[in-house]
Amino acid sequence: MATADGVHAMVPREKMDLGARKLRDAYAMVPGAPLYKKEFGYYCLDRWFKEGLAPDADFAKEFDYDPPGLTGFGGLGWCEPGYLPNFEEKTVEQLDEYDIVRDWAGRTVKFFKGRRNGFMPEYMDFPVHDRKDWEELCKPRLDPTTSARYEGLGDHMQRITPCIERGWMVNQSIAGAGMYLRAMFGVQNMMLAFYDMPDVVHDMMATWLKLADAVTAAHQKLATFDQLFIAEDICYNHGPLVGPDIFKEFWWPYYQQLITNIKSRQIDQTRHMYIQIDTDGDCRPTIPWYMEEIGMDVMSPFEVASGCDVVEQSRQYPNLVMTGGIDKRVIALGPPAIDKYLERVIPPMRERGGYIPTSDHGVPEECSLENYRYYRKRIVELGGN
């Protein structure tokens, strides 16, 4: 019998941390289970600090979040490709109010002077315009044989093994095709590239697959994955940036091969590996694509301003785990609006199971600390402890 250490076999539930149990209940879609308590992100911290939040505040205590229940591996990018080495950052131009910078991903970016976070910068240019750029600037940085990619794995396992032994879910995150190609081309040039240089795009995706396969294989010698989290961002506020034919040609063969390979290498072959797709904007048209073509189990963040409604989508896709879906604009409006919104969303989603409520794309700076505290109070009351 395999050892129940979280690698060779699942840890018994009674030995799992609270956060791990609640998170696994969400993924297992246990009806009526208390909702896992977390947040997406924050664009409001400067305001909150002025309103009295201590800069060193423990957010889990301040806002009643659950303890962690997930750990795992990176090394394959997120909003950018998994470059190694990164591009050298340098300031290209200094203006009165802005800095023009070539960032670590090779993009030319316009920032407010002296600020790098808490707002969306302007992306002015991207590293790939043709095959020469791809082959000289980016492809060498995506070499799976670069030894530095695997250095420190032993130390990393020493840190996360105690978590795995307490039942935490093991996640492998990866920049998906949408994020990967956008970061090199930019959105407009990416969409043109599918038609103007499809051979280059296929080479880029083949390189993506080769790197992802090698890195995940190294990680899977050490752990069993509970989730593959694909950062995609291929939708805008009116739907996907590309149509199903583009997905069929440039996405699915590479995704399907990677997922097949990962599943074949799992140490615990009885374990279900959840596949999560994260894409902003109106994701609704893509839900059946991802479910049918790669077996997507989980999706996030269901931006309400783009037409998403987790209650409606939960009825259409009863087997889909959902995270996000709380209108960030409503959180800023105060108690009456918060009550009305949460009382419509939380009770049916908790009854159904398979839902983790968070702001649908970071708490906005328009949200006061007082309103956020009220929002958290109501989430806990309606979602259970």
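**Aromatic pairs**

In this predicted model, the ring-pair count comes to 23 aromatic pairs. One of them joins Trp-48 and Tyr-372. Their ring centres lie 4.8 Å apart, with 40 degrees between the planes, and the pair is tilted. This pair links distant parts of the chain. Trp-48 sits in helix H2 (residues 45-50), and Tyr-372 sits in helix H14 (residues 369-383). The two are 324 residues apart.

Are these two residues buried or exposed? Trp-48 has 0% relative accessibility, so Trp-48 counts as buried. Tyr-372 is buried because its relative accessible area is also 0%, and the cut-off for buried is under 20%.

Ring pairs also build a cluster. Its members are Phe-194, Trp-208, Phe-247, Phe-250, Trp-251, Trp-252, Tyr-255, Trp-289 and Tyr-290.

**Helix H7**

Phe-194 of that cluster is also one of the buried residues of helix H7 (residues 187-196). The buried residues of H7 are Met-190, Ala-193 and Phe-194. They cover an arc of only 105 degrees around the axis, so they lie on the same side of H7. An α-helix has 3.6 residues a turn, so residues three or four places apart point the same way.

What does the buried side of H7 pack against? The partners of its buried residues are helix H6 (177-185), helix H8 (198-220) and helix H9 (244-265). The face turned away from the buried side carries exposed residues: Gln-188, Tyr-195 and Asp-196.

**Cavities**

The structure holds 2 cavities of 30 Å³ or more.

Which residues line the largest cavity? They are Leu-76, Pro-81, Gly-82, Ile-174, Ala-175, Tyr-180, Trp-208, Leu-211 and Ala-212. Strand S6 (169-175) and H8 each supply at least two residues of this lining. H8 is also a packing partner for the buried residues of H7. Trp-208 lines the largest cavity and belongs to the aromatic cluster.

The second largest cavity is lined by Lys-22, Asp-25, Ala-26, Val-30, Ala-33, Pro-34, Leu-35, Gly-353, Gly-354 and Tyr-355.

Methods: Residues numbered from 1 in each chain as written. Predicted model: local features only at pLDDT ≥ 70, side-chain atom pairs only at ≥ 80, totals over all residues. Heavy atoms only, no water. Buried < 20%, exposed > 50% of the residue type's maximum accessible area, 1.4 Å probe, protein only. Helix = DSSP H or I, 4+ residues; strand = E, 2+ residues; numbered from the N terminus. Arc of directions from axis to C-beta. Contact = heavy atoms within 4.5 Å. 1 Å grid on protein atoms, 1.4 Å probe; cavity = no way out; pocket = protein on both sides within 12 Å on 5 of 7 lines; lining within 4 Å. Points joined across faces, edges and corners; volume = space filled by probe spheres on them. Phe/Tyr/Trp six-rings, centres within 6.5 Å; stacked < 30°, edge-to-face > 60°.
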